[in-house]
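Trainee: Please take me through this structure, one topic at a time.

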Amino acid sequence: MQISIDAARQLAETFLTTSGMSATDASVIADILLEAELRGRKTHGFIRLPGIRSRYEQGKRSKIQVDKEEGQCIRVDGGNQPGYLVAYRAMELAIERAKRTGASICGVYNTSHCGMAGYYVDMARKKDLIGILFADCLPRITPEGGTEAILGTNPIAVGIPSNKTPLLFDMSTAAITNGDLLVAMRENTSIPEGLAFNPEGEPTTDAEQALKGSARPFGGHKGFGLALITQILAGALVNAATIPSPGTNYGLLLIVLDPAVFVPLEQFKTEVDSLIDRIKANRREAGVEEILVPGQRAYRQREIYLKSGIDLDDTLVNQLK
């Protein structure tokens with residue numbers, strides 16, 4: 001079903017406010033999910049709405065607040081609020097501090113899944129700051145050589161300002177994410193071999209079995225290493241659970257840097273542009289039409305969808321309505 005951007009936003013906001021969420025908070029979450037759809041990340045888009053509302057209607061919540069501060073480091077208690085809201089508010093705070101002092105480090109705990117990590121570092125990039133995010137979540141990834149989930153999908157994201165091409169790196173440390181599995185389940189398709197295990201530790205191509213079981217780290221021991229480091233930085237370091245239970249006490253580590261502290265901002269952005277230009281001019285392999293940098297494909301897709309609207313699964317739209 002093709003749906004306009006305004007209609008999609010209204011659908012998401014209305015769906016969330018019917019659970020008792022304030023219009024302001026619903027607007028923030030709707031924008032994050034809509035951005036995921038615009039950038040072609042359906043795994044982190046509107047398919048997440050039922051789960052967000054279900055969790056919001058359960059459990060007790062308190063105010064998002066800074067509960068510890070020392071130098072340029074701050075720690076935020078998310079109050080068991082939705083991770084989307086907590087990450088958004090924490091990044092706003094980190095940006096404000098970095099603009100004032102040149103750098104800020106914000107640790108977050110007591111929250112849940114925050115969705116597309118690239119959204120938050122892009123908030124910093126739009127302010128001519130470098131944004132870095134590490135996030136931990138419920139166990140989904142096996143150690144290299146293992147079959148039991150012990151680490152989260154643990155995304156890492158970086159946003160870097162430039163004058164030309166937006167530079168936005170956003171990756172999961174899992175070979176396949178929960179969102180990929182949810183999409184495969186909704187579309188009744190198999191997943192590729194070699195990415196996941198069922199609950200008994202046997203390799204599987206069944207998305208539902210994989211969601212109940214575990215996923216491999218991407219890139220073997222390298223992905224495992226990144227997932228492990230992320231789990232520590234966004235877990236043990238920030239007072240979040242080192243191995244979170246589903247939906248409880250996830251953590252984030254946000255780092256925001258002002259390039260102007262080190263070199264003039266325009267010098268930095270010009271150097272980034274120059275590097276990107278040289279990369280894109282690199283001699284290409286046979287059959288490769290263009291070399292893309294992180295985030296470029298997503299931003300191009302975004303421009304297309306802004307004009308045409310986004311395509312949502314009919315069943316999902318009816319469920320939300």
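Trainee: Is Arg97 buried or exposed?
Mentor: Arg97 counts as buried, because its relative accessibility is 15%. Buried means under 20% relative accessible area, exposed over 50%, and partly exposed in between, with a 1.4 Å probe and protein chains only. This is a predicted model, in which local features need pLDDT of at least 70 and side-chain atom pairs count only at pLDDT 80 or more, while totals for chains, interfaces and linings use all residues. Residues are numbered from 1 along each chain as its sequence is written, and side-chain values use heavy atoms, with hydrogens and water left out.

Trainee: Which residue forms a salt bridge with Arg97?
Mentor: The partner is Glu69, with the closest N and O atoms 2.6 Å apart. A salt bridge is a side-chain nitrogen of Lys or Arg within 4 Å of a carboxyl oxygen of Asp or Glu. Glu69 counts as partly exposed, at 48% relative accessibility.

Trainee: Where do Arg97 and Glu69 lie?
Mentor: Arg97 is in helix α4 and Glu69 in strand β2 (residues 65-70), so the pair ties together parts that are 28 residues apart in sequence. Helices (H or I, at least four residues) and strands (E, at least two) are DSSP runs, numbered from the N terminus.

Trainee: How many salt bridges does the count come to?
Mentor: The count comes to 20. Among them is the one between Arg100 and Glu96, whose closest N and O atoms are 3.0 Å apart. Both of these residues lie in helix α4, four residues apart, which is about one turn of the helix. Arg100 counts as exposed at 55% relative accessibility, whereas Glu96 is partly exposed at 35%.

Trainee: And what about Arg125 and Asp122?
Mentor: Their side chains meet in a salt bridge at 2.5 Å, N to O, and both residues are buried. Salt bridges that share partners join Glu35, Arg39, Asp122, Arg125 and Arg302 into one network.

Trainee: Changing topic, how many aromatic pairs are there?
Mentor: There are two aromatic pairs. Rings of Phe, Tyr and Trp (its six-membered ring) pair if their centres lie within 6.5 Å; planes under 30 degrees apart count as stacked, over 60 as edge-to-face and the rest as tilted. Tyr88 and Tyr119 have ring centres 6.5 Å apart and planes at 40 degrees, so this pair is tilted. Tyr119 and Tyr120 form an edge-to-face pair, with 5.5 Å centre to centre and 70 degrees between the planes. Together, Tyr88, Tyr119 and Tyr120 form one aromatic cluster.

Trainee: How many bridges join β5 to β11?
Mentor: Six, in the antiparallel sense; two strands pair if DSSP finds at least two bridges between them. Ile132, for instance, has Ile255 in β11 as its bridge partner. Four bridges also join β5 to strand β6 (residues 156-160), again antiparallel.
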